[in-house]
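Subject: Structure handover

Hello,

Here is the structure I promised to pass on. Please open it and keep it beside this note as you read.

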Amino acid sequence: MMQGIGVSPGIVIGIAFIKKTEKMEICKMDIANTKAEISRLHAARETAKVQIGIMQQQVEAQIGSEEAKIFEAHMDMIEDKTLFKDIEKRIQSQKVNAEWAVKEAADKFISMFQTMENAYMSERAADIKDVTSRLIKVLVGVESVDISRFEQEVIIVAEDLLPSDTAKMDKTKVKGFITEQGGKTSHSAIMARTLEIPAAAGVTEATSIIKNGDALVLDGESGQVFVNPDASIIKKFSLRKQGLIASKNLLNAYKGVSSTSKDGFTVKVMANVGTPEDTEAVIKNDSEGIGLFRSEFLYMDRNQLPSEEEQFAAYRIVAEKLDSKPVIIRTLDIGGDKALPYLGLVKEENPFLGYRAIRFCLDSTDVFITQLRAILRASAFGRIKIMFPMISDVLQLRQAKALLAEAKESLRKASVQFDESIAIGIMIEIPSAALISDLIADEVDFFSIGTNDLIQYMTAVDRGNQKIAHLYNSFHPAVLRLIKLIIDNAHKKGKWVGMCGEAAGDPKLIPIFLGMGLNEFSMSPASVLKARCIINNTHKKEMESMAEKLLNMSTAEEIERFIDENVDICSGKETLP
Amino acid sequence: MYKVDVVLKNETGLHARPAHIFVTEASKFKSEIILKRDQDEYDAKSIISVLCMGAFKGDTFTIIAEGEDEMPAVEALKVLIDNNVGE
């Protein structure tokens, strides 16, 4: 079994097609007739232009105009004067062949763009690379491996996939991607999710270990890849695949209906989102909003802080896409295990108990106010709410709110539009905040329980530590009691409570939290319909007394067993809405 | 030769899509068109050159054209910049 990162969920069983990136040896040759060499360059350029144009049309027709825009950038590059002047100059002055000149010029511009401290410019480096290697292929006369037509259905195995690869790929036959490089946000991952085919990235040495024609089982959820698996594995995964398809079809019936229990208690099932691209999945799964928008992606994989404009643009796009549905933006939760080299934060002994999230933001007011202004400005374009992470006492909340007031005032002075009555909430993820949630509730509009950190802090367990990971348990009676306390405290003050940790999407716990009165469940977009199915097939009143019983049980095992035996969880057989 | 000073007012500056729009417009003219900021000159018809210029909101530079359609070229690009390059 090979282990990668699951980047697009689903299971596929199929035949491997290895797409090796052709490593072309480019020789440097002396050229006497530089004029002829330059005409050869121009002819190749025309051919490349035609190829790009064809791909642009194909992608526009098959996938969408948004995805086709990348080829507009390629077209800009192939027509670029600076690039071609540079290449021509090399041919003339060094009397070398066009291939060599293209390669040298490409290296120069690629490294120039790569060093620019800006994600947009690094992407343009990829464009130059794609365009110049196309040009070289035309010059050399190499035919790329043809992936535009397959006799049978295949799983593509590659080092990485370029936009031009996915563009010409035969989408009707490609059933999955396995790549050595990349992660959740790489081009091939995004494309796989758009095409709804399973994909795993970061599968080390996949193109050398897997051979053309090998039988593969790919689980795009766990990132597992089995090469020439035995019958038992194939059987196990085909059963799971059938189950997934069946439940997916059934769950589709829960699109467009409200999340209301059998006895008429309505809640919201929302989605957790890490990048603007995820919003597609949010909409497709009919989530009722975004319960947790992690703003960290804006700050990661770069060398400097994002500007207010850049952040504003990102928040605005999401707010507009979600239309009238709420979007809860969590302010920067950095530090701990998520370090940003350019902030120059010192490595800590105990990062989870360290200088992170709101603790950092309240010190770095410039960084914080920039983000708050960007969020506020975007609030004029949708239904945005603000949520502060890692609050441990009331004072921190007041400080954060004071900075928010400052950001609002600066926008008012500049006559910039924003939502004056923007809702403010906090993550409840530190036990001290949970215990005084009645006091905090007076000063916020809502809570969102972050169970991942809350459980870790309550049980003093580092989940990454295999020796003690079993002690981390969402069914721990203390966890359930504290969650009940938080919900009750908020409700007494007339405030609503959501949950955005993994427990919120746990099919066994959803009915229990519903019984406790939780108002909003936020989870990965793919779990939304399942959760709605569970809620709509549950009696809230029954679950209230069930929750009461659970709170008096002594162990997590007892609680989980009791749920297993007494709570019917939507298995797809329930009545449709 | 015809030239005019401009100030970039759009949010993105000459990056991303605005850079593409600007270069596409410049390429419609026959004249040589350069953008001059301080002592540095950039080719208005080259996306690479314009991106390397790295012009942001608030930057001032001169559009200089030389050729048969120099005046309409410069005026068209000025209008584009005054209208926030399509943003």
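Predicted model: local features only at pLDDT ≥ 70, side-chain atom pairs only at ≥ 80, totals over all residues.

Chain B has an open sheet of 4 strands. Their order is β1-β4-β2-β3, and the pairing is antiparallel. Which strands sit at the edges? They are β1 (2–7) and β3 (40–43) of chain B, each of which pairs on one side only. From one strand to the next, the twist averages 25°.

Now look inside the sheet. Strand β2 (residues 32–37) of chain B and strand β4 (residues 60–66) of chain B run antiparallel, joined by 5 bridges. For one of the residue partners, go to Ile33(B): its bridge partner in β4(B) is Ala65(B). As background, strands of a sheet pair through backbone hydrogen bonds.

**Aromatic pairs**

Over all chains, the structure holds 7 aromatic pairs. Two of them, both in chain A, are described here.

Start with Phe226(A) and Phe237(A). Their ring centres are 5.2 Å apart and their planes meet at 50°, so this pair is tilted. Phe226(A) belongs to strand β8 (residues 224–227) of chain A, and Phe237(A) to helix α9 (residues 231–251) of chain A. The pair therefore ties together parts that are 11 residues apart in sequence. The cut-off for buried is under 20%.

Next come Phe293(A) and Tyr315(A). This aromatic pair is edge-to-face, with 6.2 Å centre to centre and 80° between the planes. Phe293(A) is in strand β11 (residues 290–294) of chain A, while Tyr315(A) is in helix α11 (residues 308–321) of chain A. So the pair ties together parts that are 22 residues apart in sequence. Phe293(A) is buried, at a relative accessible area of 0%. Tyr315(A) counts as buried at 1% relative accessibility. Both residues also belong to one aromatic cluster, together with Phe297(A).

**Charges over rings**

Chain A also shows charges over aromatic rings. Arg45(A) lies over the face of Phe84(A), 3.7 Å from the ring centre. Over the ring of Phe381(A) sits the charged end of Arg316(A), at 3.9 Å from the centre.

Best regards

How values were computed:
Residues numbered from 1 in each chain as written. Chains lettered and ligands numbered in written order. Heavy atoms only, no water. Pairing = 2+ DSSP bridges. Helix = DSSP H or I, 4+ residues; strand = E, 2+ residues; numbered from the N terminus. Axes fitted to C-alpha atoms, helices over the stretch in contact; angles between N-to-C directions. Phe/Tyr/Trp six-rings, centres within 6.5 Å; stacked < 30°, edge-to-face > 60°. Buried < 20%, exposed > 50% of the residue type's maximum accessible area, 1.4 Å probe, protein only. Lys NZ or Arg CZ within 6 Å of the ring centre and 35° of its normal.
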